[in-house]
Amino acid sequence: MLLRKMLRDIRHNFTQFVTIFAMVAVAMAVYVGVKSYGDGLKVSVDKVYEQQNMPDLWLMGSGFSENDMKEIRAVEGVADAMRYLSLSMTGEITYADGRKETFSVPMEGNFLDIKQKTVSVNRFQLIEGRGYDPDADGLWLGRMFAEARDIHPGDRIKLTYEDAEIEKEVLGIISVPDHVYVTQDSTVLFQEAKDFGWVYMSMRYFPREAMYDKIIESDAMQGFLSARDSLWALHDMGMSWRDILVTQLGEMDPDTDLETALELADDIANETAGEEKKHDFIKALDPHFNVEKAYTYPMVYVDVEGDAPGIYKDHMDDGSFEKKTDRVKNALYEVDAVDSVTGRDSCSSYVYYKSEAEEGDTYSGMFTALFLFIASLSVVTTMNRFVKKQRMQIGAMKALGFRNSKIYRHYISYGFFVSIVGVVLGFVIGLPTLGVGFYNMEMDMFDIVGGGIYVGTDSYIVAALIVVMVTLVTYFSSRKILSEPAAQTLRLEVPKIKQKKTGEKPNGIMSHLPFAVKWNLRDVARSKARTIMGVVGIAGSALLIVMAYGMEDSMQHYLDWEFSGILRFNSRLTFDSDITNLEKSDLYRKYGTATTQTVPIEYYDGNGMLQTSAIMVNDSDGMIALCDHNQGSHDINEGIPGATYSDIMAPGALFVTEKLVANKHLDVEKKLRWHILGNDDWYETDIAAVNRDPQTQQFAMTRMAFEGLGEDYEPDTLYTQMDLSGMDDEDIDGVSAISTSASLREQTSGMLNMISGMLGLFIGVAGALGFIIIYNMGLLSMNEKMYQFSTMKVLGFKFLKIVKIYTMQNVWITLAGIVFGLPGGFLFTDYMFRYAIGEDYDFNAYIEPSAYLIALAGTLGVMVFTSIFLAMGLKKIDMVASLKANE
Amino acid sequence: MADKVILKDVSKIYKTGETEYRALDHVDLNIEEGRFVVILGPSGAGKSTLLNLIGGMDNPTSGDVIVNGENISKYSDRKLSDFRAHSIGFIFQFYNILPSLTVLENVELVKEITKTKVDAKQAIRDVGLEKHFYKFPNQMSGGEQQRVSIARAIAKNPALLLCDEPTGALDSNTGAMILKILKRQCDADRGSNTVIVVTHNALIADVADVVIRVKNGHIESVTENENPMNIDDVSW
């Protein structure tokens, strides 16, 4: 019977219960959707890292021999290590069946140790084709590029490195853990999958000719070539090859085949020799030459013993793995061949993915909390009002002899059932829409196979908490009424009066106020809970509007800061790693001498931990400006306020960004201990100045300060005010990439738009919820005052006057909400930019006055519209029925 | 005396879906000025509907309602508001005074809707509540609240005072006191107002000038009371 009553009550109060239901469902959908996508990103990548054995450390050197590898593997804590070579190449793709036209793209070629029969670190995940085999004559291609270009096993790729070419068949399509996120180079912020590919293959199929060229370029070989004419002359004079060897080339192997070498020397010197002749020439001069031993592996993947904590479960880590990795890192530095050791926190794929997965955490948590808060406000208000409306029925049930516990169960079941159906629906809606939707959106950028959203225990806990909260609200709403004797419950609730409280004094200023003001002031004072809920709900809505527009403004401000305040060039040319001095001179002559050099370093932070970072040695004539705390731009050679010329030009004087000082607990009064990666000379130099940068937290130095250390300034980037947007790197010798400030801004803006699109969705839904609250508040307030308005109408108050009275209070509540909402919007946006976007960013909120005006007008407009819409009902009100209903 | 209220062939039909309910059926009625009229009838007879039509709270389905010489049956909502504001005083069984206003403010409320000079304090004194100007309704008894309601109704000196079960929620002594106040409004020194009281309490009929009996939407009888009883003599 009571179940029937409950169903009918819900039907009769449909709008209010639907509001609770919708609030619970939407809040749950947003929470579980966003949480499952964020956790899905982390869990999926952790699975990939674990199953595919993501490297824990990367070593760099000029070349790791087999003996070096033995030494590395012998270091305590090293589980496995694998050497490789990685080169920037160009790939020309030819489809096996000619189904598409051949095309060329930049590619990264990775060549694995020829001795390695299986890939043990950074393992392949095979998507299509055959597994890795070092003896198989072909290559394995990255999945995202293959899918974007519809490339399958059987298609062919011609790789070009400098003048050397190799054409191989695609044997398999793969994913590898350290290529979850890749870009063509550091100038690309958002990589289109179709524009850049990467391959793995055995070193056995490395373009040998390029390797032979490198050997021939050595001083010894070049010396022999330049002496070839005189050697021929000695032979023509009758000297035997043996004598020539002993007398002229005494340091060479006695088994050297001098005759063959000299026969091939002209072709070699004239660059007309092919791969075979080059091999024979080298072999003739070096009888022990073994091509396999000549392969150069400048990089090594290292797997440290034990399981790395991973991104999702890192909160469960006690730091022991990190400590062990640090110990291994230090021990590896003792190996002679090792120039530098970097960890996952220097691997761009790992760092970017981690920051993307964690980025969602803070703002989604913040939005979800806001949602749940707004939803709970609505639930509290609505359930309270509903139970109050049931007062007489509760009294009747008590009078009939129902026990309190039975009545409690009955009323609790309203909240319980509505919330439980709401949370279930939240899961059903949230997971496939927000969860899967956001996850798939991210997967456009990341190469994760077999991953998906993940629903953790916390989602079920939140669901249970929502049900408990709604149920408790219902319990507390009915408890007050149920604690009264039945006879009292059957009477109307008498409002409490405190004659002396503010606004209730019958004399004084109150008596001079107009009726509408007086009536509304007293109504507000009497319905404190409803008023507070209204103020909070509207503050939330105003806050969300400010955030929505504020984020847009802040991002625009960031773009202006980055691309007008810091990057003040038109075009940027990144030098090839093997650019010649002649090419450099040519570039300086054409485009000017504004340059920088990025020097990778290691330094000890404020906690004594070794960190990896970089110094930008800046000789850019102000085209890469440094900003002070207030975002004022300065040429590094002029310093920034607070630093003298002698400070910034002193040998090794460093500039450091504010955020790096904070993140790494640096003491700017103390000297920083650092060294250039690959160089064992440690420096201890002063921090001369602190600057700000919105997205790159690192060090900077003047050229004079850098050269003062005895280091050679070797620029890697050139800046010019010339517009080179129509050119690409193939147009200019010695340049690997050309980017313009406009294209960089466009890329950054595109990436930010993706974030703001996601946030826009949250804000839109939250805004809609806010408006539902305003409507619900208005409806509740209208219902509560209906009989008073009916009395006024009977007395002869005109419709518009009643509307004015009703709207007046709502406008006050709205204005009060706005007073809290507008600064709240700024603070939330600022918090999000300062702390939520990632520790590499130094954003802050910058909100134009128009955002506040829109929030003010929007909230007020909706409230006035809602009030008038609800007040329209007064026009048709059945005065007598309304007054009788109150009786 | 002139007719204060004239109803000509008035019907009021309520429709609920397919069902029609005829609350008043071709009613003709004349009520003279300055009379104390009691409308009697059982529940559902149509007496409240009759009161609502006279008071301009509702429009008839057909027929004319003429009050003070004005046919209000075709008035718009706005004109009806004006009419109620200037010509009608209402008193309900459950007082319907605003809980967030003091006694004085509840009576002064009429200043918001009429330009007529209102002496709110005098109206309160007239109902014997001069010591309670600044009390709130919930600090008063039911009888006192009903007197506030009367003070609010008479403060603008309406030509017609309409009372729907004004003593229904009160004890006999308080009820008698309320009736005295209402009846006094018909006195010449008070402006010879017309007072119409709807009730199902037949005892009140004894003090009325005119008793109108309503049944099933029809006027069953209109009786002139030659010698209305003194209220103190009525046995409740």
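In this predicted model, 28 residues of chain B are in contact with 24 residues of chain A, two residues being in contact if their C-beta atoms, placed from the backbone, lie within 7 Å. On the chain B side, the elements that give two or more residues are α1 (47–54) and α2 (77–87); helices (H or I, at least four residues) and strands (E, at least two) are DSSP runs, numbered from the N terminus. The largest share of that side, six residues, comes from α2(B). By class, the side of chain B that touches chain A divides into 13 nonpolar, nine polar and six charged residues. Here Ala, Val, Leu, Ile, Met, Phe, Trp, Tyr, Cys and Pro count as nonpolar, Asp, Glu, Lys and Arg as charged, and the others, Gly among them, as polar.

Residues are numbered from 1 along each chain as its sequence is written, with chains lettered from A and ligands numbered from 1 in the order in which they are written. Because the model is predicted, local features need pLDDT of at least 70 and side-chain atom pairs count only at pLDDT 80 or more, whereas totals for chains, interfaces and linings use all residues.

Chain A has 28 helices and 22 strands. Among the contacts in chain A with a separation of 6 or more, 81% join residues 24 or more positions apart.

The largest nonpolar core has 200 residues, and M28(A), V546(A), F655(A) and M701(A) have the most contacts inside it. Such a core is a set of buried Ala, Val, Leu, Ile, Met, Phe, Trp, Tyr and Cys residues joined through C-beta atoms within 7 Å. Helix α2 (residues 14–51) of chain A gives the most to this core, with 19 residues. A second, separate core of 80 residues includes F36(B), I39(B), I72(B) and L101(B).

Leaving aside residues up to four places away in sequence, V546(A) touches G821(A), L822(A), G825(A), F826(A), I847(A), A851(A), Y852(A) and A855(A). Of helix α27 (residues 849–875) of chain A, the buried residues include A851(A), Y852(A) and A855(A). This helix has 27 residues and spans 39 Å from its first C-alpha to its last, close to the 39 Å expected; the expected span is 1.5 Å times one less than the number of residues.

Turning to chain B, four strands form an open antiparallel sheet in the order β2-β1-β4-β5, where two strands pair if DSSP finds at least two bridges between them. Its edge strands are β2 (19–32) and β5 (70–71) of chain B. Five bridges join β1 (residues 3–16) and β4 (residues 62–67) of chain B, and L7(B) has V65(B) as its bridge partner. Helix α1(B) lies across β1, β2 and β4 of chain B, at about 120 degrees to β1(B); axes are lines fitted to C-alpha atoms, for helices over the stretch in contact, and angles run from 0 to 180 degrees between N-to-C directions.

A further open sheet of chain B has six strands in the order β6-β7-β8-β3-β9-β10, with mixed pairing. Its edges are β6 (88–91) and β10 (218–224) of chain B, each with a single partner strand, so one side of each is left without a neighbour in the sheet. Strands β7 (residues 160–164) and β8 (residues 194–199) of chain B run parallel, joined by five bridges, and V195(B) in β8(B) is the bridge partner of L161(B). Helix α5 (residues 142–154) of chain B packs on this sheet, touching β6 and β7 of chain B, and its direction makes about 175 degrees with that of β6(B).

Key: A residue is buried if 20 or more other C-beta atoms lie within 10 Å of its own, exposed if 12 or fewer, and partly exposed in between; C-beta atoms are placed from the backbone.
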